[in-house]
Amino acid sequence: MIAIVSACLLGINCRYDGGNVADKELIEVVKAGKVVPIPICPEQLSGLPTPRKTCEIVGGDGFDVLNGKARVLTKDGEDLTEKFVRGAKEVVKIARLVKADVAIMRNFSPSCGCGLIYDGSFSGKRKEGFGVTSALLMQNGFKVVSVEKYLRNSV
Ligand code: SF4
């Protein structure tokens, strides 16, 4: 099975803080050959640097961003919406190229969130919703799951 995978889950240091959130269980699944991973980081693919400012979706979720109803902002109000959409489009290009069967995504991210994202208040509160890349993958017919759902059947 070919899977687009949020690169930070595989130990790639692509997070906003320059770190990762390696998921040992997912890495074991990859090592066992059950998944052929295509690691992607939409925020790096957008041209944003690492480390970079933390962002949240304000006014909705990734679907709303794609509909022009919500924006992706830094805490100090810089509007990075166009970059996030650009990164999402690059990931869809890759998913098409490799004919991905599924995308396994990191929750909470304004790009990769897959069921849960931060609520746009920069206070650490979460809400239901999808990041911009997950939303665009779904709009293009790809199956998208959070790593928790994929491995542990939880949100
Ligand atoms: S954009 Fe996605 S892949 Fe990149 S660091 Fe954030 S959650 Fe990980």
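Reader: Is G120 buried or exposed?

Author: This is a predicted model, in which local features need pLDDT of at least 70, side-chain atom pairs count only at pLDDT 80 or more, and totals for chains, interfaces and linings use all residues. Residues are numbered from 1 along each chain as its sequence is written, and side-chain values use heavy atoms, with hydrogens and water left out. Buried means under 20% relative accessible area, exposed over 50%, and partly exposed in between (1.4 Å probe, protein chains only). The relative accessible area of G120 is 18%, so G120 is buried.

Reader: Which residues is G120 in contact with, leaving aside its neighbours within four places in sequence?

Author: G120 sits in the loop between β6 and β7 (126-130). Helices (H or I, at least four residues) and strands (E, at least two) are DSSP runs, numbered from the N terminus. The C-alpha atoms of G120 and I57 are separated by 5.2 Å, though the two are 63 residues apart along the chain. With contact meaning heavy atoms within 4.5 Å, and sequence neighbours within four places left aside, the partners of G120 are E56, I57 and V58.

Reader: Which residues lie nearest the centre of the largest pocket?

Author: On a 1 Å grid over the protein atoms alone, a pocket is an open set of points where a 1.4 Å probe fits, with protein on both sides within 12 Å along at least five of seven lines; lining residues have an atom within 4 Å of a point. The largest pocket holds about 400 Å³ of space, a volume being the space filled by probe spheres set on points joined across faces, edges and corners. Its lining has 24 residues, and those nearest the centre are R15, Y16, E43, S109 and P110.

Reader: Which elements give two or more residues to the lining of the largest pocket?

Author: The elements that give two or more residues to this lining are α2 (42-45) and β3 (55-58).

Reader: What does S109 contact beyond its neighbours within four places in sequence?

Author: S109 belongs to the loop between β5 (102-105) and β6 (114-118). Its relative accessibility is 14%, so S109 counts as buried. Leaving aside neighbours within four places in sequence, its contacts are E43, I117 and G131.

Reader: What is the phi of K99?

Author: K99 lies in the loop between α4 and β5. At 66% relative accessible area, K99 is exposed. K99 is not a glycine, yet its phi is positive, at about 50 degrees.

Reader: Which residues does a cis peptide bond join?

Author: Most peptide bonds are trans. Here omega is about -5 degrees, and the cis bond joins T50 and P51.

Reader: Which residues of α5 are buried?

Author: Six of the eight residues of α5 (residues 132-139) are buried, so this helix is largely enclosed by the rest of the structure. The buried residues are V132, T133, S134, A135, L136 and L137.
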